[in-house]
Structures are given as C-alpha cells and as structure tokens.
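Try each task before you read its solution.

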Amino acid sequence: MSIVKEAIKNKNKLTKSSLENSQPIDFIKWFSELDKNSGSVAGGKGANLSEIYNLKVPVPPGFVVTAQAYDYFIEKAGIKNKIHELLGRIDYEDTKKLDEHTKEIREIILNSKFPKEMEEEIVDSYEHLDVGHLDNAKGSALDILKTSSEPVFVAVRSSATTEDLAEASFAGQQDSFVNIKGKNELLKHIRKCFASLFTSRATYYRNKKGFKHEEASLAVVVQKMVDSDKSGVIFSKDPSYKNDNIIIEAVWGLGEGIVSGRITPDKYILSKDLEITDTKIADKKIAITRDSGGRKEVVKLRGEKSNHQVLKNHEIRKLGEIAIQLEEHYQKPQDIEFAIEGEDIYIVQTRPITTIEKRIEQGSQQEIKGEPILKGLAASPGIASGKIKIVETLEDLQKVSQGDILVTKMTNPDMVVTMQKSAAIITDEGGLTAHAAIVSREMGIPCVVGTQEATIKLKEGELITVDGFTGKIYKGKVAENVQKEVLPVTANTKTKIKVVVDLPSFAERAAKSQIKSIGLTRIEGIIAESGKHPEYFLQQGKIDEYEKVIFKGIDDIAKYFEEIWVRTSDIRSDEFSNLEGAPKEKEANPMLGMHGIRYGIKNPEILKAELRALKKVVAKGKKVGLLLPQVISVEEVQKVKEFLKEVEFKDAKIGVMVETPAAVQLIRDLCEEGIDFISFGTNDLTQYILAVDRGNEQVQHLYNEMHPAVLHQLEFVIRVCKRNKVESSICGQAGSKKEMVKFLVEKGIDSISVNPDVAKEISDYVAELEQSVVKGTDEEPRQYELKKLQEEFVKPQITQEPEDSETIKEAPLGVSPNGTRPQTAEFGGKDESESLEGELIKDDIEELKVPEKKYLQNSVDNGVIGGVQENIEKGLEAMREIMEELGGDAPVISGIRKPQQKDAPESDEDDEDFYGEQVIKGYNDDDFSEPDNFNDYAKKGGREGYSGEENNEDEVFGIF
C-alpha cells in the first residue's frame, strides 16, 4: 500500500501550495501516517482510528481528508469572505435568523466546487482504497495507479478538530454518512460533512463556548465498509463475573443483530491462555445483511445454517489475541466490535467496559449442568423444577397443582389464577411481550416462551427443570429453585421510577423495591381471580358486588403504596371465556374489537362500578390515577368525565393510555381537553404501527419497540405533553429495556414503570444517564436553575417605530411567547421556534420602562402587552419548578388574565405535524434546513437502515 499512497501524493503535491506561506498542503493522510496526537490534522475520530491502525490491529482501510484541506477548499472556492460576512450578521438569540444564515452558509459550501488538484487527490485515494491485494504486485507505481476496480462502499464521517476537548464537547454535532459508493457521491458527501460544521446547533454552541468560527476546521474520515459475513462482540474480560476469561459473541451478517437483541448469538469463552473452554451454539433464525444497493435487510436462515457454529476455532483465538493486545495498550478491559469478511477480520470499534466494577463472584449465579431437552426465549428469569402439566383446553387448568410446571400453547388471562400456582411456565408460541412473559415477570415465575414444540415434545407428569435465565429446559431436577430477588431502590433520580403491579398476592413482593408509586395496575388480574366476568354481575343485577370485588383488589394492592394508577378494564372477547357469565360470541379480530374504554362506555354500569371502587380507595387516603385504555377520540375522555360527575368522583386524576396511532395524532386535543397524565402502552402501540402480532412467535423478529416509526411517535407525544404540563410515563414492557430507557430519559419522559425485580437495575441506570449528561451542551435536559436565570438573559429590541419615529428602546421581559427565544422583531409574536438547547431563557427586568402615554397604542400594536403576559406566565412556571425542586411552596399571583384585543386574529402556537416534524427532520440531498431542536437520535440513530443518509457517527458497529 505504501507505494500506492506515495504515488498518489507525488502526482498532485507539486500542483498545490498554501496561499499564505507557499508550504505544501496534505489534502489526504492515510491512517498509517497518523496517531492519537494527530487531532489538529485528522480531528478526534480520525486520530483515534489511526491509533488502533498503527498498533497493527486490522482496521478497515481508510484515509482522512485533512482539516488543512478543508481550509484550502474554503479559501480557493472563494467563499471564505462570504461565510465570514454571514457569520458576522448572526443574532445568536434570534433562532429564525440563525437558521436562515447558517442554512445559507451550508448551501454555499454544498454548491462550491473542489479545487481541481484537491478533487483529484481525493478521487485517486478513493479509487485505490481497496488495493490492499496489490501490496505484492510488480511494476511501477504508475502501473498500479492504472489498475481499475469496482468502486467500494465507504463511510464518510465528520471528524472535527474540536472533538473531545476537556472544556467542551463537540462530538456528534457534525454529520456522517454510510453506504456511499462512487466518486461523485463521495465528493458530494464530503461537502455535506464540511457544511455540517455550520448547522445552527454547532454554530450556536461554538459562539456560546467562545470558540472563533474561523479557528474551527473539519477533517473527514473516508473508510471502507466491511461487507460482513460474520460479526460480533469481544469482551477482553468477562463483563458479568470476576474472572479473566475472554467472552466472544457472534452472529451471521451484520453485528446489529446482537446490539438490537433480535438474534441470540453464539457464545465462546476463552482463557487468558487462549484456550477455548466453552462453546454455546445458538439457533440464529435470521441474519441482518446489506444488499447490493447498500440497504440493510433481514434474511431468514435455513436450519443447517441457523444452527451452525459461526466462528472457526482459529478465528476465535485470533480475536482473543486482539482483545488482549487492545486491553494492554489502553490499560483497561475493552468492549470490542468486530466484523469478518471472507477470511479477513476487522476491528471496527473499541471502548472501555463500563460494567467492570459491577461484576459478581463466579458461582453466585447458579450454573446448570444437565441434559437440555428443549430451548426457547428466556422470558422471565429464575430456575424452577416440577412436574409437567400440559394445558390444551381451559378444562385442563384444574389439574395444575401448586408447584407444577404449566406447559401450554400460549397463556391467556383466563389462566392467571393457575399461573400463580405454577413453579414455572413454558409455551409453544409468543415472544417477550406475550401474555405469559408479561405476567410471569411480574410474578417472579421462571418462564420460557416460543419453544414451538413444548406441548408435543414434553410428556405429562415428567420432572423437568426450567431455566428462565437462558431459556433452556432440562430433564429431571438438576438445580435448586431460584427466584429473581426484588431489591430496594436506592438511586435518587429526576425521572420517577414506578412499579407495575396487577395482583394483590404479589403487591407485598413489589413493595420490597421501596418504591411508593404504581405506574400501572390492570383490573383484569383482579377480575380473573374472582372467577366471574363483569357481565355476570350485570346480568344478575349484582353490579354492587362487582364494585366490591374491584375495591377489595385495588385496596389490597394500594395498602403498600402511596399512589396507584389503575387502568379501567380492558377485556377482549377472546379472553376470560372460562369465567362465569362470559359472552359466548367471538369477534373475527378481538384485538381490534370491542374492548378498552369503548367497551366501558358501551357498558356504563360496569365502568361506573369501577369508578366508584376507585373513589373508595381515594377516600382511604391514597392517590389514584385513572388510566383509560385504547383511547381513539376526545369524546371518549369527555364521556368518562361525565361518568365521574355522576358518581361524584371529584378527586380523580385522569390519564390516557397512548397505545393507538389515533391517540398519538390527537395528543394535543387530548391535552387541551384536560388530562393529567399519559402512559405509553408500547406493546400495543408497536404492534399497531408495525402491523405485527406481538403474540405470534413467527413474526417476533419483526417486533421492535426501537423501530424509528415507534420512536417518532413516543418523542412527539412527550414534547406535546411537556408543553401542556401533562405528565408522561411508560408502562409497557419496553420500559424495562435499557435501550428504550436511554431514549426516553434523553427525551425527557417524567416517569418509567417497570417490573419490581428490575426496578433497582433500571433506577441505577437512569441515575447514570442523568449524571452523564454533558453540561452546557445541547444534550443537557431542560432545567430551570437560579444560576441560569441570572446568567442567560438578553435584552431584545422592538424594531417597529411609532408615528413620530421615536423608538421604544427596550422590551420588557424579553422572551418569546412560547418561552424559548427572545425576539427582536414584533414583541409578543408567535413565530419563534424552540431554543437551541430547549432551555427557558429569561431577561432581567431592572430597566423595565412603561412607554409614554402617546406610545401606548403603539405598544399594543407591537404585542408588548401580550408578550409581557406570556412571559409572566413562563416566569411563574420556572419559579414553580425551582420551588418544587427545593421543596418550597409555589408562588401564587392572582388576578393575571391574558388581555384580548377586539378582532384580534387567532394565533397558531403549535403548527408541527403529528410526527413532530420540527424535531425529527434532518436535511437530505435536497433540503438542508436544520431541525428546530436538533433531535440527534431520530435524525441519526433512528435511521439505522436508511441508505446513504445520516447515521450516528459514533455507532460504528452498525456501519461496518
């Protein structure tokens, strides 16, 4: 490769020189020419990749378009002065102008041509990026240069010279792109990287941190993408147990399958002497690959492939060697990502293991040694032994005794009482959000789902052991029973952690978490324990008895807690058919039929009985929130409010389950109707959005709560709720998954409800997330701090003049009406967008002046009165939040009313579409506008399979 690189450089170096000192400029630097100290040339990312490369670790080949090349391009293209002029005209506290000027700068860069000599060197380097096989070629350098090859796919990644500074973090503020092919596409995306140096966010942040724009440069890493046949993860030390073993996990295709949890990987354990001590081959039913166009696709694997060992033994040992090398170099245990194409191994990322201090002693977790006879999805942790009882019909439930293993095709709510008696549960069908999985996790019962053949392969009465940690079923009793312990929550988090409790018999266990709030109680569990369907009580004229059943169940749960959110009954017509009085008719599609709040409204006596029961719980001093399931209209909420008035339940907090696309689209209207909180039901919301039956094992590989389409909905709802002071929460199973928790915390959700046995783990993780927020950057969450109110104020001007040309010099309380950015145009207008950091910026009021009498009407015309009113309200809200944090009383100022002008046109404060377009859109080839509040996750991480567009530049694993 060295002869090729030298030939490329010599071809062009004589034609270029610095405009300032006539010194040669290196447009291109290969990884071999750089190291960790090359940040001023290659930026932070380029320097770090080069460091690994020069350790002789196999890194995908690449080069860096240097920061000096960027400077040369800006000057030679004749756009330096124009950029400087536009930057000088920016009012950084006027969001609209900031967006306009930075967009114009980006368009100037994108429409400019590279200097010929610079373009030639970039293209030459790209064309020879994939000539590693020519190292032993014979002939001159020019002969090699004439060799043509098919253009390769590359990742084009911004690498700023200001990355990884101690005093400021610029990481993630510029763009990166994957699956780029062809010289024209490469040049275009290098310019797009250059242009991203001037997004509104990055420009504002540099100014805020005192960095001069002309001193900021950008390098671009161009790196070959590996077309992975195999991928995986290496831990140079066991991340779970205190030993020196090396752990390797591997799957077919791209490593994204491991990261997303969609594929169970092979697992290999090596000693420090590189001896392979254990190999576990998983049934890898799918693989994620890249097609010829660069797009990701999911492929179903044939049986012989899915059960075949991914890594060869020599590959396992080679990966172990690399892990040791990287750990020794960095002096820390490493979490390493790799990809294998053909016979070539590549390392695409390495970072320290973050859980190394939390490892436990080997042997504290029971290891099972026995004869595994079946395997499924590990749905609920724990280990239990017992006799098999196969339940094919509801009549079979009576044969299940305390301590038996319940084996069935799939559980349903009719089986809840029997499930409580079972030592463990095994099903043929279902995924991690199926009924059996959800109920088992709450009960703390080991559960394995999706075995496909448990009811056929297992025999009635046989003794087996179920391992809910691994999803394996063993013949005979080969281990002692283990139930996952509920540990007390000790972390203090801003995001409230709540628990999910459905059954009175498990409330005491849940209370061991020491959490005082329940985020979800489903009434159906109490109904199932009663043995009678709600319609039984209706038909028998015994609705008061139904009320007593519900009251007793909720009261038994609530006595361990201070607050409880209760979902009104949500019974599908295919459920509880074994209960006395259950309707006999079945709907064609029960999931989309008569259940949820629509059922309660159609059967008001049942719903009102539930409301009266909850009213009695409130009378005993408990806080109760009323959750309405399957809401699709504002009218449903209005009708429930009518019922509340009828039963004189005045203290009810009303919430809606956001589990239908309709609830997402109508969230503004629902907030305006007057609700106190919302709770995401991600199980249903995901299946409705993706058209995937969450209980069908065959399509479980498509069920994904982290799908961009789902995340967009969640984020939009959280934003609208924040604006309307409505508490946002989640009660679906996704709330127990760290990947989802990270997303929700970053988006500012107010509370997360989890199963009791993971409450401590999730609360500790939330605390880590909240503590790791980068202070002073756009990633910092919205805060109302006294220090911020003192430091970040601006005095905007009113530019419109009165008739005699005298100007009112200062506008009072210079904040835009939506509480985000000060305005310099018509004070009190409605056209401002959110602040760059989502912070509430306040103005000082020391020099607040009342205009002279003759200018009063002009003040009204300028919207000053309306603006003052809006900002008093915003200021009060900030004060309330501060006092809440300090535990004091909130300020109250009575008599404030918003003044109205006659014939004043109505304003539209909130005009985004229901996807939250202001937040999620990123610019593409034709649209270079910046999203209003720069949502990196949806713009980058949320588009993992989107060819040729933005990707999270730090998420290398999904790229290669």
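The exercises cover a helix, a loop residue and a barrel.

This is a predicted model, where local features need pLDDT of at least 70, side-chain atom pairs count only at pLDDT 80 or more, and totals for chains, interfaces and linings use all residues. Residues are numbered from 1 along each chain as its sequence is written, and side-chain values use heavy atoms, leaving out hydrogens and water.

**Exercise 1.** Find which residues of helix α4 (residues 80-88) are buried.

Solution. Helices are DSSP runs of H or I with at least four residues, and strands are runs of E with at least two, numbered from the N terminus. Buried means under 20% relative accessible area, exposed over 50%, and partly exposed in between (1.4 Å probe, protein chains only). In α4, Ile83, Leu86 and Leu87 are buried. Their directions, taken from the helix axis to the C-beta atoms, fall within an arc of 100 degrees, so they line one face of α4. On the other side, Asn81, His84 and Gly88 are exposed.

**Exercise 2.** Decide whether Asp238 is buried or exposed.

Solution. First locate Asp238: it sits in the loop between β6 (230-235) and β7 (246-252). Next, read its relative accessible area, 8%: Asp238 is buried. Then check its side chain, which makes a polar contact (a pair of N or O atoms within 3.5 Å, one able to donate a hydrogen and the other to accept it; residues adjacent in sequence count only if both atoms are side-chain atoms) with the side chain of Asn243 at 3.4 Å.

**Exercise 3.** Trace the strand order of the barrel.

Solution. Strands pair if DSSP finds at least two bridges between them. Eight strands close the barrel, in the order β23-β24-β25-β26-β27-β28-β29-β30, with parallel pairing. Take β29 (residues 727-730) and β30 (residues 751-754): two bridges join them. Ser729 stands opposite Ser751 in β30.
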